[in-house]
Each structure stands twice: as C-alpha cells, then as structure tokens.
Amino acid sequence: MSAPVVRRRVAVHGTVQGVGFRPFVYRHAVELALTGFVLNDSTGVVIEAEGDEAAVDELCRRLVDMPPPLAIVASVEAADIPARGTGAFEIVATDLAATASGAPAVAVSVDTATCAACLDEVDDPDNRRYRYPFTNCTDCGPRYTIVVAVPYDRPATTMSGFAMCAACQAEYDDPGDRRFHAQPNACPDCGPRLRWCSPDGTTRSEGDAALDAAVAALTTGQILAIKGIGGYHLAADATDEDAVASLRRRKARDDKPFAVIVADVAAAEVLCALGSAGRDALVSVRRPIVIAPRRPGTTLAEGVAPGLTELGVFLPYSPLHHLLVNAVGRPLVMTSGNLSDEPIAHDDADAIARLAPLVDGLLVHDRRIHIRCDDSVARVQSGHAVQMLRRSRGYSPEPRALPVAARRPILAVGAELKSTVAVTNGVSVVASHHIGDLEHLATYRSFLQAVDHLCHLCDVTPEVVAHDLHPEYLSTKFAVDLELEPCPVQHHHAHIASCMA
C-alpha cells in the first residue's frame, strides 16, 4: 500500500527574507522528494509542499529546528489543502504587483558581516571576485540599509539598477550554489564600483586603482571619507598623532573617543583586554564596536581616546573594510562621517557637501544607501558580560518579543537626545537604528525619515503615540501634531523601565 500523499500550505513569519530561506526550503524539499513551490509574500515566506506525509512533516520540522544561520522563525502556520500532483518543486518569483497592496508585515533582516567563504574569495587571486569590495552571499552582506520595500527581492532594493552578468545569474539560478537567490549578488563585471574622488567629488580613479589610492592616502597621514554599508566614515591612521589630531580639529570633536578598526581578534587583543564576552561580540555577525579596558603601551596615538582607560574597537564587517585594513597594515580610526552631533552622511551629494571641508579625499561607490545606519556600540562588563549602549547596525530592525501583545499599534518617538523610534506590531516591538540629537535640522529630518520608513516596513498605522513628558522636546511636539491618542511617559521612569526590560 502506497504512503498517503498530502499537500500542505505553510506560512512562515519572522526574519525569513534576505537570509536564504527560499533556497533552504528548496534544497530540503528536493532532498525529501516533494513537489510544490516556495515564494516571498508581504508577510513572510509561503510554501506549498506535496508528497509523502512523513516527508512533508519532516520539512515542517526542519523549518523550525534547522533554519538558515541568519533566519529567525517567529511562527509557522500550516494547513492541508487538496493535492495537485505537480511534478517539481520550484522557487516562484514574487509577484510585486500582486503584493503591492498587501500588508508588508515581514521582518527585514539586519545587515550582517561578510562571511568567511566570501572573504576567502576576496583574498584569492584566482577567484573572479578577488579584491571585490561588494562580495556577498545569502549568508552575509547588506540587507536593511538597501531595502526600499518588502517583500525582499532585488527590484525592491538599491541593487535594482545592477543587472547581473551571465556568471552571477548562473549562481543566482543554481540551487546548489551559495548565492542561489542572493538578492545583492554582484561581481566586478556587473556590480557596484569604487571611485576615488577629490574633496569636491571629482573622480580621480575607479575600481582597484581607487582602492590603491585610498590605501596610499591613509598611509601618508591623510584623512578620508569612506562610504560603507550604512553611511560614511571618516578614517585616518590610528597610530599617526598628527593625523588623529587633524581629524579631531576638523570634525570639531574635542575629547570624545574615536573607534578603531583592526584586522582581526588578535590585533584587537593587543589594544584591549576583551575577555570571552568581548571576543564573542567582536566576531559576531553583528560586528558592534566593543568598548573594553585599554592596554598600556600600544602604538595608538594618544589622541584616539585622550585620558581614557577604555577603547572602542571593531572588526571589518564589509569586504571594503577588510581590504583597507589589511592593505594599510595598521589600526585605523573609523568614526562616523559627520560633524559632531550631526547625523552620519549616507547620501553621496550630502556627503560631498558636508564632508568635503573635513577630508583629503573620498572613497565612494555607486550602490545607494536607502536608510542610514550608524555602528552599534557595546561595552564589556567585568570581562564576562556585554552591555548594549547603542543598538543600530547589525541589530536594527530585528523585532524584540513583547511579554504581552500590544492591543493597539503604537509609535514611540522617545526624547530629544540620542533619539531612537520604535513601533509595536502585535507581539513584537521594532526599534529603529540610532538617529542622534534632534536639535540639529539634519538629524530631525533623519528622525522623520526613520518614523516613515519603520511604519512602512512594519505596516504599522499608529493609533497611539508614546512620547516624553517634556513639552519642549521636538519629539514631543511632533507627537502632539500627529493628533493620535497620546501616551506621555516621564523621562526618568522611561530610563528605569528600559533598564528593567
């Protein structure tokens, strides 16, 4: 007697787009001899799997117990439907027109550090991606900062203008390839390209020559603006006292410390006493800046963190960082591309306008950053614990579970300094990236963009707005003007509640 054949429709919710979930489902479905399809929709991933009932059950188990490394499965809903007898399992392209009017309630993946496999390619002279600064795959690379809309597909990202070459398309179409349906997939022949520019934005060189020019500038004490994943950094040789002092004067940053990027954990341990927790945070795919006790007698310029016993260090999280740090061969100051207290520059025209007086050259590229996202910061506590100080790139917009579901959709707009906004979406809360201090016009505009972007990505139409009690805060005035039901929160009560949470 033949085993019963069933067809099951499965809806998977959580962080399941942009993390290789569809190719993961495809490979396991084929292995289990199932037919049907998998696709992205505006709420997550939808699967229809048909075949032996035990095999369908096994696929459902693997969705929960064995998801891809970057996936976070929040819930799985399954229902049996009539069998169709289809002859293959396939990945179906998302119908963007059909989902445009739907509710985009899918979690957008965070930006993640370049994986070891991609770095091996970048360092291999025989690989076609040798020294290519935009190498990525389904397990790594930009996500949140390039997503314009959901569902997450290449046309809905800032990679939409780059048509894949035949070699990249073959990888994208091959279920056995690491880049199967990797939306930011690219190579030197078809993808984003580096440019080395003078401060006024005039292009001086491109590609490998641009990278070489930037390395030469850093090794001779110059200050650069470097376009990264979530915005621009200002960079200088961290061992050069004159370069660090010049950067501090130009950026108008009197005494706040600079973050330092180093090639690997061993180089970080030379500068700081990290402990196991610090090392784990440093090498995680989230790649925060880790603040740890500073070791005496290093080669770092005193001006990097004047008078402090701690130092903020981080590791490369993009191929461009990896190439720069390894080519220079020394720690680099890598600080936010802005004047003190302004938002980090992420738009090219804005970067040239605001950063030109601060730098000797710009290393830029033509992949647009849709949403700025500054680096996250964590501190090592007693060598065995890490405390988040600034939750941004690598963490935002990952949802956090609420102990009790919000009865109504809420927008929280925070206070005026070190601004972050958040929305509730059922049983989760989604916080934005770090925004900054709202008394600066550019930062306030960034605040408005963050509110719109977060509400759009999470499909939240707020009915309640939580805000600080202070009537003169710009965030409070913004909240009052929304004409939603207010939920005023006393400032220091919010601090205590935050610590408890």
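1. In this note Ala, Val, Leu, Ile, Met, Phe, Trp, Tyr, Cys and Pro count as nonpolar, Asp, Glu, Lys and Arg as charged, and the others, Gly among them, as polar. On that basis, the lining of the second largest pocket divides into 13 nonpolar residues, seven polar and one charged. The model is a predicted one.

2. The second largest pocket has a volume of about 510 Å³, and of the 21 residues that line this pocket, Gly14, Ala74, Ala107, Pro399 and Ser428 are the closest to its centre. Two or more lining residues are given by each of β1 (5–15), β4 (72–81), β17 (400–401), β20 (428–431) and α12 (441–458).

3. Helix α9, which spans residues 275–283, has Ala277, Gly278, Ala281 and Leu282 as its buried residues. These residues lie on the same side of α9, because the arc they cover around the axis is only 130°. Among the elements that cover the buried residues of α9 are α8 (265–271) and the strands β11 (289–293), β12 (310–314), β15 (377–381) and β16 (385–390).

4. With a disulfide taken as a pair of cysteine sulfur atoms within 2.5 Å, the count comes to zero disulfides. Cysteine 137 is in none, as the nearest cysteine sulfur, that of cysteine 115, is 3.6 Å away; cysteine 137 counts as buried because its relative accessibility is 0%.

5. Cysteine 458 is likewise in no disulfide, the nearest cysteine sulfur being that of cysteine 455, 7.8 Å away. With a relative accessible area of 9%, cysteine 458 is buried.

Conventions
Residues are numbered from 1 along each chain as its sequence is written. This is a predicted model: local features need pLDDT of at least 70, side-chain atom pairs count only at pLDDT 80 or more; totals for chains, interfaces and linings use all residues. Side-chain values use heavy atoms; hydrogens and water are left out. Buried means under 20% relative accessible area, exposed over 50%, partly exposed in between (1.4 Å probe, protein chains only). Helices (H or I, at least four residues) and strands (E, at least two) are DSSP runs, numbered from the N terminus. The arc is that of the directions from the helix axis to the C-beta atoms. Contact means heavy atoms within 4.5 Å. On a 1 Å grid over the protein atoms alone, a cavity is a set of points where a 1.4 Å probe fits but cannot get out, and a pocket is an open set with protein on both sides within 12 Å along at least five of seven lines; lining residues have an atom within 4 Å of a point. Grid points are joined across faces, edges and corners, and a volume is the space filled by probe spheres set on the points.
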